Amino acid sequence: MVTMTPRHWLAQLAKRERRTLMWAAIWGVLAGGQTAILVVGLAWLIDQLVIVGRSPSSLVPVFIGLVAVVLLRSLFQALQESCSAQASLRIRQYARQVLLDKMAALGPVWLTRQQSGALATQSVEHIEALDGYFARFYPQLRIVVALPLLILCVVGWFDYLAAIFLLLSAPLIPLFMALVGMGAERLNRDQFMAVSRLSAHFIDRVRGMTTLQLFGHTKAAQQDVWYATDHYRRLSMRTLRLAFLSSAVLEFFASVAIAVVAMYVGFGLLGYIDYGPSPELTLFSGLAVLLLAPEFFQPLRTLSQHYHDRAAALGAAESVVAILNETSVVASEPALPRSAQALIELDQVAINYAERAAVLSDMNVSINAGDVVAITGESGSGKSSLLALLAGFMAPSHGECRVDVAAPVAWLDQAPCILQGTLADNLHIAAPEADVDTLTWALQRAGLTELLSSLPQGLETTIGERGVGLSGGQVQRLALARVYLSKAQLVILDEPTASLDAATESVVIKALLEWAKEGRTLVMATHHPAVVAAANRHFECRSGQLVEVAI
């Protein structure tokens, strides 16, 4: 896989809206052209009033024309901002979708190794940081090439010496901006990394608040958060310091260049310079050149103001590109089983992680439709990894895993996902169209009849995120009820009875076996003898091997 760089990724995003961004630059150049017409018209009006001595009433049509130029300039600026804002919005929507799709493609196994706070920051703040680059910097980068050349031609038409002065001073500004940009890019990259760490740090502390209070470490956690925020503050101030410094130096060079042009025009009008076109300077030409000189540097000034947007975009893009460059561990297109009866076939399959040796290897297994499979083994022996492989959450590091893609899969993890909402809301995740009777049936089958009858609001009872308000066993059974509502042919359960008492465990096992009689295939990782006894096939993860145990 070709590794993508932040610059390459930004260039790819810009190509998607190249036409709109080009129109934004064209409108910007036209707005700058109207400014040049305006200042030349003002110089001509002043010359006519002061030198020629014409009355203001005779110049009313010219005044009206200049007002029209101002209105036209405002229209072009509005069109520029509208085009650039629309392009930036569409680019950010696409970039966020690409990032979220990549996270989904990397799968749950990859997500479990990430900090949710950092991922949320990258999906929201880092993508939003691209706005300034595409809405302001990118169009201005095109404007800064065309507009100064246009103004330089106008100045050269009045006085080529003044144009030479402007041309000689112009390269100093981009050179300094490039030198400053190198440092700004590094600082913005550090700043975005710091805010990602801060988000993850804060969310981790909030989630573990109960544990921290129980062990009396809340003050230490508060101090850690303070140190993290202070580090972020320092990085932000360093970035702002560099931005203000670059703007100050830019203004210095521009002011010096404008002062040189003003001195040349002044000495030329006084007759102290008689070289080249200087003797032909008039109030009109001299004033026009003097008014055009700041406009020559204005696109460069605007680019300098937005230069930190480029540095911010590169810093944000680096963290996003790091995710886009991740190698997916999820199998893209699993092969179909060779046997018509088999639902899953493992052929010389091995599972390992980049930072570890092989977890399981040389697995040759065939699971048929209707099998009830129990997988046992010591903690860390590879049971959960094997279930993740069967569910399609990861690809084998060696061998071939063939799964019948026509069979829908249901997954129950050790820590089920329970959302803030009602019982019905959580059940509708598996079956959005299910009615009240169907939801009640699923809860009864999962052994929650007593809980449902004790709740005054029944299915409309609100529960908190992660099942706040329910016991651990009730959370597990609620997740099992979702599995019952699904139409999955292959059901993968990781410790389905881990938090249940003996009585409830027997109810759940009975319901699962009844469900298996309907043709479902159950694969369960467990430590409970009762679950193993209910299975018709038993596999044990032992010393890196998957061994089938006779029942």
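A: This is a predicted model, and strand pairing is read from the bridges between strands, two strands being paired if at least two bridges are found between them. Here strand β1, which covers residues 342-352, pairs with β2 in the antiparallel sense over seven bridges.

Q: How should I read the span of a helix, taking α2 as the case?

A: The idea is to set the distance between the first and last C-alpha beside the span expected at 1.5 Å a residue. Helix α2, with 35 residues (18-52), reaches 49 Å, close to the expected 51 Å. The residue that follows α2 is G53, and its phi is positive, near 85°.

Q: How many aromatic pairs are there, and what geometry do Y133 and F134 show?

A: Ring centres within 6.5 Å make a pair, and planes over 60 degrees apart count as edge-to-face; by this rule there are 11 aromatic pairs. Y133 and F134 form an edge-to-face pair, with 4.9 Å from centre to centre and 90° between the planes, and both residues are buried. F393 and W411 also form an edge-to-face pair, at 4.9 Å centre to centre and with 70° between the planes. Because F393 lies in the loop between α12 and β4 whereas W411 belongs to strand β5 (residues 409-412), this pair ties together parts that are 18 residues apart in sequence. W411 itself is partly exposed, its relative accessible area being 28%.

Q: Which residues do ring pairs link into a cluster, and what sits over the ring of Y138?

A: The cluster consists of Y133, F134, F137 and Y138, linked by ring pairs. Over the ring of Y138 sits the charged end of R142, 3.9 Å from the ring centre. Elsewhere, R445 lies over the face of Y484, at 5.3 Å from the centre of that ring.

Q: Where is L419 placed, and which residues is it in contact with beyond its sequence neighbours?

A: L419 lies in the loop between β5 and β6 (421-422), and it is partly exposed, with a relative accessible area of 41%. Leaving aside neighbours within four places in sequence, L419 is in contact with N426, I429, I463, G464 and E465. L419 and R466, 47 residues apart in sequence, are 6.2 Å apart in space from C-alpha to C-alpha.

Q: What percentage of the chain's contacts join residues at least 24 apart?

A: Among contacts between residues at least 6 apart in sequence, 78% join residues at least 24 apart. The chain has 18 helices and 11 strands, and buried residues make up 47% of its 551 residues.

Key:
Residues are numbered from 1 along each chain as its sequence is written. This is a predicted model: local features need pLDDT of at least 70, side-chain atom pairs count only at pLDDT 80 or more; totals for chains, interfaces and linings use all residues. Side-chain values use heavy atoms; hydrogens and water are left out. Helices (H or I, at least four residues) and strands (E, at least two) are DSSP runs, numbered from the N terminus. The expected span of a helix is 1.5 Å times one less than its number of residues. Rings of Phe, Tyr and Trp (its six-membered ring) pair if their centres lie within 6.5 Å; planes under 30 degrees apart count as stacked, over 60 as edge-to-face and the rest as tilted. Buried means under 20% relative accessible area, exposed over 50%, partly exposed in between (1.4 Å probe, protein chains only). A charge sits over a ring if NZ of Lys or CZ of Arg is within 6 Å of the ring centre and within 35 degrees of the ring normal. Contact means heavy atoms within 4.5 Å.
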